[in-house]
Amino acid sequence: MMTPDPRAPHTPLPRLAGALRRLPPSCGPVRLIAVDGHAGSGKSTFARRLAEALGGAPVLRLDDIASHEELFDWTERLGRQILGPLSRGETARYATYDWTERRFGPAEESLPPAPVVIVEGVGAGRRALRARLAAVLWMDVPREEAWRRGRHRDGAVQRDFWDGWEPAELRHFAEDPSRPFADLLVRQCPERYEVLPGPSGTPVGTQIVTQGDRSSAVR
C-alpha cells in the first residue's frame, strides 16, 4: 500500500479523490475504481498518483492477473480471487504472474477491502466488471500514440510481444469497449492531467486539473 509523498506540491488531485470517496460502495464495502485505456497510455502512473491522493489506496495491477496465454481471459480468476473476497469485506490474496518465467507465483499479493481500491489495466472497465465498479476512468490517449509510447518504453526485446498484443487489444475493445462507458476521461498534458466528463454522462468530480510528471507512460 502506498503513502503520500509529503514533498509533493499541493494539487487539485485530492478533489478527485474526495469525489471518489463520496461514491456509494460498489463491491461490498469497497468503491472499486477502474483505470482503463490502451497499452502505453499512462494508466500505471496515473493510478499511482491517484492512490497517493487517496491516502495510500490499494492498487490491483491487471498485469499481475493476466498471462501470456490469457491476455484478456482473466475475468473468472479476478472474480474468484479478488472480487469475491472484497465483496465479503475480506482481504483478497492472489499469486502474481511472472512475465519472464511465464508462470503464476511463487510471489503472492494481498489486497485489503479499503474504502477505495483502484483496478488498473487494459480492460479494467470491461462489461463483466461494471456492476462491481463505482467509476470507470479512461486514459484518453489515441491508440497509435499509446502503442508507440509502449513500444518505445519496452524496447526491441519486447517487439514480438507487442506484435501479438496489438491485434489482441484491437479484438478486445472491438467486442467489449470501455471508453463509451467511462465516467471520466483523463488526458495527460506536459506537466499535469486534465480530468473531464466521460461519455457515460455520470457527474463524478469533473473539470479537475491535477499535477502530472515527466516520466514516460507505462502500460
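Predicted model: local features only at pLDDT ≥ 70, side-chain atom pairs only at ≥ 80, totals over all residues.

Reply: Residues are numbered from 1 along each chain as its sequence is written, and side-chain values use heavy atoms, with hydrogens and water left out.

Start with the strand itself. Helices (H or I, at least four residues) and strands (E, at least two) are DSSP runs, numbered from the N terminus. β5 covers residues 116-120. Five of its five residues are buried. Buried means under 20% relative accessible area, exposed over 50%, partly exposed in between (1.4 Å probe, protein chains only). Both faces are covered. V116, I118 and E120 lie on one side, V117 and V119 on the other.

Next, the strand partners. Two strands pair if DSSP finds at least two bridges between them. β1 (31-36) pairs with β5 in the parallel sense over five bridges. Here L32 stands opposite V117. β2 (residues 59-61) also runs parallel to β5, joined by three bridges. L60 has V119 as its bridge partner in β5.

Contact means heavy atoms within 4.5 Å. Leaving aside neighbours within four places in sequence, L32 is in contact with V117 and V119, and also with residues including L83, L86 and L133.

Now the packing. A nonpolar core is a set of buried Ala, Val, Leu, Ile, Met, Phe, Trp, Tyr and Cys residues joined through side-chain atoms within 4.5 Å. The largest has 36 residues, and L32, L60, L78, I82, L111 and W165 have the most contacts inside it. β5 is among the elements that give two or more residues to this core, as are β1 and α5. Helix α5 gives the most, with five residues. A second, separate core of 23 residues includes V116, along with A47, L50 and V195.

E120 has a polar partner. Its side chain and that of S44 are joined by a polar contact of 3.1 Å. Such a contact is a pair of N or O atoms within 3.5 Å; within protein, one must be able to donate a hydrogen and the other to accept it, and residues adjacent in sequence count only if both atoms are side-chain atoms. S44 lies in helix α2 (residues 43-53). S44 counts as buried because its relative accessibility is 17%.
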